[in-house]
Amino acid sequence: MEANGSAPQRARDGKHVVTLREVADAAGVSTSTVSRVLDDRVPPSRSATAERVRAVADQLGYRRNTFASSLRRGQTATIGVLVPRLSDTVMALMYEAISRAATRLGYFTVVATTGDNPADESDAARTLLARNVDGLIVASSRRDDPLPRELRERGVPHALVLRTDGISPSSVGDDEAGGYLATRHLIDLGHTDIAVLSGPLFASTAVGRLAGARKALREAGIAEVSEWIVETTFGIEDGEEAGHRLFRSTSRPTAVFAANDNLALGVVAAAHRCSLTVGDDVALVGYNDIPLSQRLPVPLTSVRTPFDQIAATALDLMLAAATPVDDPIRRAMPTLIPRRSSGSHRATTAAGPQTAGNVHHGG
């Protein structure tokens, strides 16, 4: 085998596979020197010996056996990723960003879905760990989730992504800032009758976005209407159901902040059922800015989540799990992307345009 310089291996196609020993003999150095020089996980040496080793390896056609070297280190260069479901566009985008970031670092990712069920999440984590993944990135954690605590107690390298329990290393968006941006945008457009669809409050994302919305309302001196603060799931169907209830009430809101774009899509469907036009009769802001948002008949104003930045930070946190950090929760700043769905600067009521004395002009 390559580790001890035994007889040359044979590739599946029958061609000779060059070993470390052969490179070492040809370069006149030890196999350990060759191993160090050709280890692409460390910064390359520029010494004359290193340059000679690389030249000989290239001339002989040596290819590093990453699988064998991973086994020798007790690692597999594989990272397990847990997501609630891949049918959720946000989770699919997050996984793709994690996979890209991992590939740049020489890692392969394996994904498992949990259905947002803590028991299934624990089972999936155990299955991945039994396959010797080098660590876990968890996008499915709840605020009271036992899995992050178990991973900390077992010393398993891990990072939470998008959602956090507030303790484990976490790479998330600044959800409170995003909720504030979305609601402040509607207030600045003149709206005072604003509903918020929060998402499920077991998720830190929903809690943060609702907190940001409430902060914006308080700053503007706008009293909350309890019936207009609606806890939902993150699904399109819940958005449609909540939107239909809001729009059929005797006093409906003129604007809606939906805590993710799936909820916003449901609100669009509800508005259509109620003969309302998004962007004219009701203003709407979503969250995450999924690719579909800008391609709707009325493009959706949304708060953009920087998935690539969050993914790269999550990988850094997981790979540095053994190194204590002052603040294990890293927050990436979201960006408001205004489009047609949030409408013009003038708010409307269910009965039509407001009278001049009640029009609120925003900055």
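## Exercises on cores, rings and backbone angles

Leaving aside neighbours within four places in sequence, Val256 is in contact (heavy atoms within 4.5 Å) with Leu186, Ala195, Leu197, Phe247, Val267, Val282, Ala283, Leu284 and Val285. The structure is a predicted model, in which local features need pLDDT of at least 70 and side-chain atom pairs count only at pLDDT 80 or more, while totals for chains, interfaces and linings use all residues. Residues are numbered from 1 along each chain as its sequence is written, and side-chain values use heavy atoms, with hydrogens and water left out.

**Exercise 1.** Determine which residues have the most contacts inside the largest nonpolar core, and which elements give two or more residues to this core.

*Solution.*
1. A nonpolar core is a set of buried Ala, Val, Leu, Ile, Met, Phe, Trp, Tyr and Cys residues joined through side-chain atoms within 4.5 Å; buried means under 20% relative accessible area with a 1.4 Å probe, protein chains only.
2. The largest such core has 26 residues, and those with the most contacts inside it are Val256, Leu197, Phe247 and Leu284.
3. Two or more residues come from each of strand 8 (194–197), helix 10 (236–248), strand 10 and helix 11 (261–273). Helices (H or I, at least four residues) and strands (E, at least two) are DSSP runs, numbered from the N terminus.
4. Helix 11 gives the most, with six residues.
5. Apart from this core lies another of 25 residues, among them Val83, Met91, Phe307 and Ile310.

**Exercise 2.** Find the aromatic pair in the structure and classify its geometry.

*Solution.*
1. Rings of Phe, Tyr and Trp (its six-membered ring) pair if their centres lie within 6.5 Å; planes under 30 degrees apart count as stacked, over 60 as edge-to-face and the rest as tilted.
2. A search of the whole structure gives one pair.
3. Phe257 and Tyr287 form it, at 6.4 Å centre to centre and 45° between the planes, hence tilted.
4. The pair links distant parts of the chain, with Phe257 in strand 10 (residues 255–258) and Tyr287 in strand 11, 30 residues apart.
5. Both Phe257 and Tyr287 are buried.
6. The charged end of Arg209 also sits over the ring of Tyr287, 3.7 Å from its centre; the criterion is CZ of Arg or NZ of Lys within 6 Å of the ring centre and within 35 degrees of the ring normal.

**Exercise 3.** State whether Asn288, a residue with positive phi, is buried or exposed.

*Solution.*
1. Asn288 is not a glycine, yet its phi is near 110°.
2. Asn288 is found in strand 11 (residues 283–288).
3. With a relative accessible area of 3%, Asn288 is buried.

Conventions: Buried means under 20% relative accessible area, exposed over 50%, partly exposed in between (1.4 Å probe, protein chains only).
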